[in-house]
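My notebook is open and the viewer is loaded. I'll jot things down as I look them up.

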2 protein chains.
Amino acid sequence: MEKVRRYSPKREAILACLRSTDSHPAAEWVYAQLKPSIPDLSLATVYRNLAQFRQDGSVTVIGNVNGEERYDADTHPHSHFICRSCGKVADLPMSRVEMPDTAALGRTDSCSVTFYGCCNACLEKKKA
Amino acid sequence: MEKVRRYSPKREAILACLRSTDSHPAAEWVYAQLKPSIPDLSLATVYRNLAQFRQDGSVTVIGNVNGEERYDADTHPHSHFICRSCGKVADLPMSRVEMPDTAALGRTDSCSVTFYGCCNACLEKKKA
DNA sequence: ATACAAATGCAAACAATAATCATTAGCAGC
DNA sequence: GCTGCTAATGATTATTGTTTGCATTTGTAT
């Protein structure tokens, strides 16, 4: 038997927070955003709910940027640009990817395309 | 002044180990492989050298699979298939990717295409 | 051979995340 | 509205991959 999902205002707030930004935040950031308005929020709750969202597909993980897992509430397939310097993650339209033959390997569920580089802000900083 | 790179048999062994496999290993795996033949090898040395290889581009990082950073000594551009279940990483020929316009974002240095799914071995296990 | 800095082993430090456990609070049935 | 069950939570601790500090070893230029 699977667990019944029960309503929780905190879970709602966490998901709303994720959906309100395009900064592809980490758990800590979400926590910092909500803490002022929900003073008794625990970081553990953020992690627990993020794990749930991940399971049921309401959020996806961009990957690990500078040691932190970054989340995205936009589940439409799209690519990302990650600045190796400051960790900024920007959205890009999904590139058309020529799917290689993966039949021999297993069942392919998803595809992620990530472009790495140095964002303009960091390029400026380096010049100075 | 930049540091002079000095010869080290351990560094050589670590790189050789990485080059001898296509399993895209984690640091711990490399350590376990070499420990028998180099009993006084320290895990810290493996990490330190991996960081160096990464800096000078002799290895690339596939990403974080099940909490472990996975390395690849094949630096030719290619894609990967990662099994979400067992963490196996397989090589794929580089898919042709239609590069979106990233000029407004910054300088793009590299691109990584990863396919996620469930490998045949894990699919079998689930059936049973 | 000598000197100097790079490389290392070891252990302790770190940091992000997960787990534990006692408490709180949805919500279904009465 | 109560009651009972159990999901959700807060606070704290544990876990674990990785990094760092420091004393020692070792490569190498002179």
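**The surface by the DNA**

Helices here are DSSP runs (H or I, at least four residues), strands are E runs of at least two, and the numbering goes from the N terminus. A residue is near a strand if its C-beta atom, placed from the backbone, lies within 6 Å of it.

Before going on, I noted that this is a predicted model, where local features need pLDDT of at least 70 and side-chain atom pairs count only at pLDDT 80 or more, while totals for chains, interfaces and linings use all residues. Residues are numbered from 1 along each chain as its sequence is written, and chains are lettered from A and ligands numbered from 1 in the order in which they are written.

Which residues come nearest to DNA strand D? Of the 27 around it, I found Lys10(A), Ser42(A), Thr45(A), Tyr7(B) and Glu69(B). I sorted this surface by class and got nine nonpolar, six polar and twelve charged residues. (Nonpolar is Ala, Val, Leu, Ile, Met, Phe, Trp, Tyr, Cys and Pro; charged is Asp, Glu, Lys and Arg; the others, Gly among them, are polar.)

**Where the chains meet**

Next I checked chain A against chain B: 32 residues of chain A are in contact with 32 of chain B, contact meaning C-beta atoms, placed from the backbone, within 7 Å. β5(A) gives the most to chain A's side, with 14 residues. That side divides into 16 nonpolar, twelve polar and four charged residues.

I then followed β5(A) across: 13 bridges join it to β5 (residues 106-119) of chain B, and the two run antiparallel. Strands pair if DSSP finds at least two bridges between them. I picked Cys111(A), and its bridge partner in β5(B) is Phe115(B).

Why do I say the copies meet through the same surface? Because 100% of the interface residues of chain A are also interface residues in chain B.

I also superposed the copies: a rotation of 180 degrees with 0.0 Å of shift along its axis puts chain A on chain B, RMSD 0.1 Å.

Conventions: Two residues are in contact if their C-beta atoms, placed from the backbone, lie within 7 Å. Copies are superposed by least squares on the C-alpha atoms of residues with pLDDT of at least 70 in both.
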